[in-house]
Amino acid sequence: MSLKFLMEDFVNQLSRFGQILSLRCMYITALSSFIYAGLAKNDLLSFREKLLVNQLLTNIPSPVRVDVRCGQLYELAFKIINVIDRIIFDEKTIELIEGKADLSHVLKILSKELGSIQYVVLYDCLSVPELLTIASYLRTEGYQTIFPQLYILNPLGLTRFITKQVLVTEATMEDVLKTIMSSLKAIKGSLIREIDKKLHDYGFDLREFIRNVDIEKVVSKCKSYAEEGSTLVMSDHGYDIFYDPRGFYVSHGGIFMHQEPQTILNFSKIAPIMITFKR
């Protein structure tokens, strides 16, 4: 099954818990599902489950906790991890040749498929768990969310891989946003640095990172734009999650505080895309 359909299934399942989960708990639920699946994939779950429960799941309602640990969310997360690993490793050369690491190529395809959109929200370091949280929450609020087959590959997992593709001297993410808006004829757009900023402020320690990400801020701009019209949600890269005996860590671009730990989630090299609008 493709990444698009797996993400849609994940959103369908997570949004079913919308009546008993706050946005914050929805975020922790999404992220925990992927960490559980990543630990299981690396044969670490039986050794580290207690640490994960104590750090992340203490405030999650019991029915949701079961789904995270052994239910549909867990199973879908496991499948998504496998598909992403296959994309960025097994088919990396093919994908690059196809142009999914080429911003202009991606925008050309989006322009052909969408015609134009009204708004753009560009995130610095939006990863798969956050995008799925945004989509699930918006779904519970009556918004439509669509994942194109398209995604962006970032082999470095760093912002500069994208900014160097913009034909501006010393281009920034603001220039990337302007390029996207111009290509898709958007009337307005915003750059949100919340996730990348928090990663660099509280980097490496996963629990501190999650505690300090303002997920409401991450969602709010999508919601306000989607209320008015079709909104494209994009990012330059995601982040990776690692484990060593000290605990769980988050980073992107291969930067480590300690001796290189074991990779649990390898999401920094891919940035899925979403379109959302009010039904």
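The structure is a predicted model.

The description begins with the sheet. Strands of a sheet pair through backbone hydrogen bonds, in either a parallel or an antiparallel arrangement. Here, 3 strands make up an open sheet with antiparallel pairing, and their order is E7-E6-E8. From one strand to the next, the twist averages 25 degrees.

The pairing of E6 with E7 can be followed residue by residue. Strand E6 spans residues 240-244 and pairs with E7 in the antiparallel sense over 5 bridges. Among the residues involved, phenylalanine 242 has tyrosine 249 in E7 as its bridge partner. Aspartate 244 has glycine 247 of E7 as its bridge partner. Together, E6 and E7 form a hairpin, with 2 residues between the two strands.

Helix H2, which comprises residues 23-41, lies across E6, E7 and E8 and runs at about 135 degrees to E8. Is strand E7 largely enclosed by the rest of the structure, or is it left exposed? A residue counts as buried when its relative accessible area is under 20%. In E7, 5 of the 5 residues are buried, so this strand is largely enclosed by the rest of the structure.

Definitions and conventions
Residues are numbered from 1 along each chain as its sequence is written. This is a predicted model: local features need pLDDT of at least 70, side-chain atom pairs count only at pLDDT 80 or more; totals for chains, interfaces and linings use all residues. Side-chain values use heavy atoms; hydrogens and water are left out. Two strands pair if DSSP finds at least two bridges between them. Helices (H or I, at least four residues) and strands (E, at least two) are DSSP runs, numbered from the N terminus. Axes are lines fitted to C-alpha atoms, for helices over the stretch in contact, and angles run from 0 to 180 degrees between N-to-C directions. Contact means heavy atoms within 4.5 Å. Buried means under 20% relative accessible area, exposed over 50%, partly exposed in between (1.4 Å probe, protein chains only).
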